[in-house]
Amino acid sequence: MNIGVVVFPGSNCDHDCQYVFRDVLGQDVTMVWHKETSLAGLDAVILPGGFSYGDYLRTGAIARFSPVMGAVKKFAADGGLVLGICNGFQILLEAGLLPGAMLRNESLHFICNDVFVRVENAATPFTGACKPGQVLKIPVAHADGNYYTDPVTLAGLQANAQIVFRYCASDGKVTPEANPNGSLDNIAGIRNAAGNVLGLMPHPERCAESVLGNEDGRLILASMVEGMNAKKGRAKALA
Amino acid sequence: MKVKIHVTLKQGILDPQGKAIEHALDSLGFKHAANVRVGKYMELDLDQTDMAKAEAEVKAMCEKLLANTVIEEYRCELV
């Protein structure tokens with residue numbers, strides 16, 4: 001697989017994503033500068049974490065107008081897998097590729113901590129290697145991760161199983177105490193209606209190999225690779 | 001003309017910064033202050049003499065970039 005990692009001015013998790021996909025998962029990785037207008041030849045696109053454009057105005061508000069975002073929109077519309085992590089999630093929201101918006105954390109603190117999330121939908125291209133209801137420990141690092149959307153949109157997300165990850169306690173219980181930032185309905189990650197675009201606040205690329213003491217994040221990134229490999233295998237078998 | 005733009009969180013959306021400031025005001029003894037809302041103020045020069053066109057242009061700027069209308073509202077003054 002050839003995974004594209006978009007680099008915005010101020011991205012700072014781009015090399016972590018490159019490292020995990022290339023060195024841990026053995027895939028080809030192409031770094032895509034935000035001025036690029038084509039994503040030809042890529043099997044999936046990652047919008048990494050960081051502080052694109054210094055978080056000026058609002059997180060992701062300026063990055064969404066980077067030239068590459070036109071190509072990302074087209075890539076998503078054509079069914080390509082797009083994963084937005086942290087600032088990448090914020091950019092997907094600002095770009096309208098996912099519904100809702102991020103507010104400042106309820107505590108007003110920048111939160112840099114391990115959190116637990118429950119896999120609410122294991123039948124997505126991003127969670128195929130997870131068990132339904134599985135609890136993952138993944139770090140978050142953000143000041144604006146307080147997910148908000150209007151009640152009608154929220155009901156739609158719930159009804160269509162678009163909420164993929166919820167903040168929970170270590171035993172999997174979704175409680176207000178386990179919600180680090182005030183997110184509506186403990187939302188940590190959502191997908192679009194078509195299912196090929198996912199945004200999440202936790203950083204799976206920061207916990208994807210055993211030497212770091214936690215491999216839970218690897219499940220998410222490996223799900224993408226395994227799913228795409230299986231799809232390509234099926235297409236080859238049918239050809 | 002000069003354009004002055006205020007962007008604030010919509011009514012009904014919790015404003016954690018506003019709440020923190022409200023508590024600080026309260027602890028300083030300003031007991032009459034309530035409902036603090038924090039927002040952004042922007043100003044810009046607009047090279048446009050037609051008022052209707054200027055208003056339309058500023059509205060487009062706000063809708064497209066300056067405010068996120070999922071969570072924010074804006075008001076503009078053209079002077």
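Okay, quick definition to start: two strands pair if DSSP finds at least two bridges between them, and strands here are DSSP runs of E, at least two residues, while helices are runs of H or I, at least four, numbered from the N terminus. This is a predicted model, so I'm following its rules: local features need pLDDT of at least 70, side-chain atom pairs count only at pLDDT 80 or more, and totals for chains, interfaces and linings use all residues. Residues are numbered from 1 along each chain as its sequence is written, chains are lettered from A and ligands numbered from 1 in the order written, and side-chain values use heavy atoms, with hydrogens and water left out.

Now, look at strand β9 of chain A, residues 163–168. Strand β6(A), residues 111–119, pairs with β9(A) in the antiparallel sense over four bridges, and Phe116(A) has Cys168(A) as its bridge partner there. β9(A) also pairs with β10(A), residues 187–191, again antiparallel, over three bridges; in that strand, Gly189(A) is the bridge partner of Phe165(A). So is β9(A) buried or exposed? Six of its six residues are buried, meaning under 20% relative accessible area with a 1.4 Å probe, protein chains only.

On to helix α5 of chain A, residues 216–238. What does that helix line? It gives seven residues, the largest share, to the lining of the second largest pocket. That lining divides into seven nonpolar, four polar and four charged residues. Here, Ala, Val, Leu, Ile, Met, Phe, Trp, Tyr, Cys and Pro count as nonpolar, Asp, Glu, Lys and Arg as charged, and the others, Gly among them, as polar.

Technical notes. Buried < 20%, exposed > 50% of the residue type's maximum accessible area, 1.4 Å probe, protein only.
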